[in-house]
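Hi there,

Here is the structure I promised to pass on to you. Please have a look at it first, and then read my notes below.

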Amino acid sequence: MLVSQSSPYPSNADAAASERALLERRARLLGPTYRAFYRNPIHLVRGSGVWLYDAQGRKFLDAYNNVASVGHCHPRVVEALSGQAATLNTHTRYLSEIILDYAEKLLGTVPAHLGHAMFTCTGSEANDLAIRIAQHSSGGTAVIITDFAYHGATIATAQLSPAAVGAKGVRAQHRTVSAPDTFRDHGRAANVFAKNVAAAIEDMRVKDIKPAALLLDSAFSSDGIFFPDAAVMREAVDHVRKAGGIVIADEVQSGFGRLGQGMWGFANYGIEPDIVTMGKPIGDGHPMGAVLVRPQLVASFGSNTGYFNTFGGNPVAAAVGLAVLAVIEGEGLIENARNVGAYTSELLRTLQSRHGAVADIRHNGLYFGVELTADGDEALAATKTSAVVEAMREDGVLISSCGPRGNVLKMRPPLPFARDNAEQLAETLDRALSNW
């Protein structure tokens, strides 16, 4: 006699009812500010490597999440976190060897002129602190950013994040410049980027505003993902330094080996920033951030202002950070980003030859921007780009979109992304574009 085996997962009808109830509860408890990804939000319950699993047991390829940089729930990171949490977790006003071990290891990944590490809980906090240091050390107030940048969620960083608050949300003393668009106008915007920075500085001078910093995301992530010419970037940095400003490299998106040519995106341009900020991938999902800075910039800041963050740089965070660095090195993830990134780019360019909607492909390591077009109709291109993202979600691959026009597919998978994952990504995108 056959014995029926009940499924461990709910039926489709039960699952739909459960998710409706979850969405209603979410709206009631969290309010309207929290927005879920995708038209049909996913109820995730587990992650492993490059995979995420929903409450019905369905597996999704994560081609978007740079937070879990070395893979979801990496065993070495989990072991480090739980082991230290079971031993001691406190703040940096007590002596702690593991915090110093981590600071030493992290500083060893950047140029020697960056001699101090200051720890935060998020990338937003790191950028906020960097701005405070830059304003204090330079005596200036104004920060130059790109016109669709995103740098954080604190008051100071939100005002430097037009992607989130719009152009009107940027305070009057700051200046926005066009991102170095390597595609539109045959890349003219990329070639004049340094001139635009110089023009912004001159405008400040005329209005008696002193620049404090140039705040750069090395991958221009929210602007649409661009990798401009190194000489142009170095020229922009020179303009800022001559005006007495500080150069801040925001490595929240591009750091920790993602671009496949070393640990940090700024190094691709031959730039030596005065401050480097980091978050998200620093802790593989654990809330961490850091500011690495020239010692002379914080000598006065430290004695006059001081800095303390209750949870920034705690022993558990230090243990996690050490584990992440060890995994990147031990598993060859920078080399993997370079090799698999190149292979993925080849697959995407093959799609470009078959789909007229693919206008441009921009890539560096495991960071991809695929710009889509719809016969010059920007609104239609944005709508169809969103449809491609939704179609891929339904087909088991998670990506997103970015750019001021909303027409750039954004892909930045965890660093263990493999060739077969790249093939699944390309095949799924091929199907989604076929319905364009």
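**Strands, cavities and a helix pair**

Tyrosine 53 stands opposite lysine 59 in strand 3. I start with this pair as a way into the model, which is a predicted one.

The strands around that pair come first. Strand 2 covers residues 51-54 and strand 3 covers residues 59-62; the two are paired in the antiparallel sense, over three bridges. The hairpin they form has four residues between the strands, and glycine 57 takes a positive phi there, near 85°.

The largest cavity holds about 60 Å³ of space. Around the largest cavity you will find Leu216, Asp217, Ser218, Met233, Val247, Ile248, Ala249, Phe266, Tyr269 and Ile271. Two elements, strand 7 (211-217) and strand 8 (246-250), each give two or more residues to this lining. Strand 8 gives the most, with three residues. Sorted by class, the lining of the largest cavity has eight nonpolar residues, one polar and one charged.

The second largest cavity has a volume of about 50 Å³. Its lining includes Asp181, Arg184, Asp223, Arg362, Glu371 and Arg405. Gly224, Phe226, Gly403, Pro404, Asn407 and Val408 are also among the residues that line the second largest cavity. By class, the lining of the second largest cavity has six charged residues, three polar and three nonpolar.

Last, a pair of helices. Two packed helices are described by the angle between their axes and the distance between the axes. Helix 8 (residues 193-206) packs with helix 9 (residues 230-242) at an angle of about 15°, and their axes are 8 Å apart. Angles under 35 degrees count as roughly parallel, so helix 8 and helix 9 are roughly parallel to each other. The crossing in which helix 8 passes helix 9 is right-handed.

Note on methods:
Residues are numbered from 1 along each chain as its sequence is written. This is a predicted model: local features need pLDDT of at least 70, side-chain atom pairs count only at pLDDT 80 or more; totals for chains, interfaces and linings use all residues. Side-chain values use heavy atoms; hydrogens and water are left out. Two strands pair if DSSP finds at least two bridges between them. On a 1 Å grid over the protein atoms alone, a cavity is a set of points where a 1.4 Å probe fits but cannot get out, and a pocket is an open set with protein on both sides within 12 Å along at least five of seven lines; lining residues have an atom within 4 Å of a point. Grid points are joined across faces, edges and corners, and a volume is the space filled by probe spheres set on the points. Ala, Val, Leu, Ile, Met, Phe, Trp, Tyr, Cys and Pro count as nonpolar, Asp, Glu, Lys and Arg as charged, and the others, Gly among them, as polar. Axes are lines fitted to C-alpha atoms, for helices over the stretch in contact, and angles run from 0 to 180 degrees between N-to-C directions. Angles under 35 degrees count as roughly parallel, over 145 as roughly antiparallel, 65 to 115 as roughly perpendicular and the rest as oblique. A crossing is left-handed if the near helix is turned anticlockwise from the far one by less than a right angle, and right-handed if clockwise.
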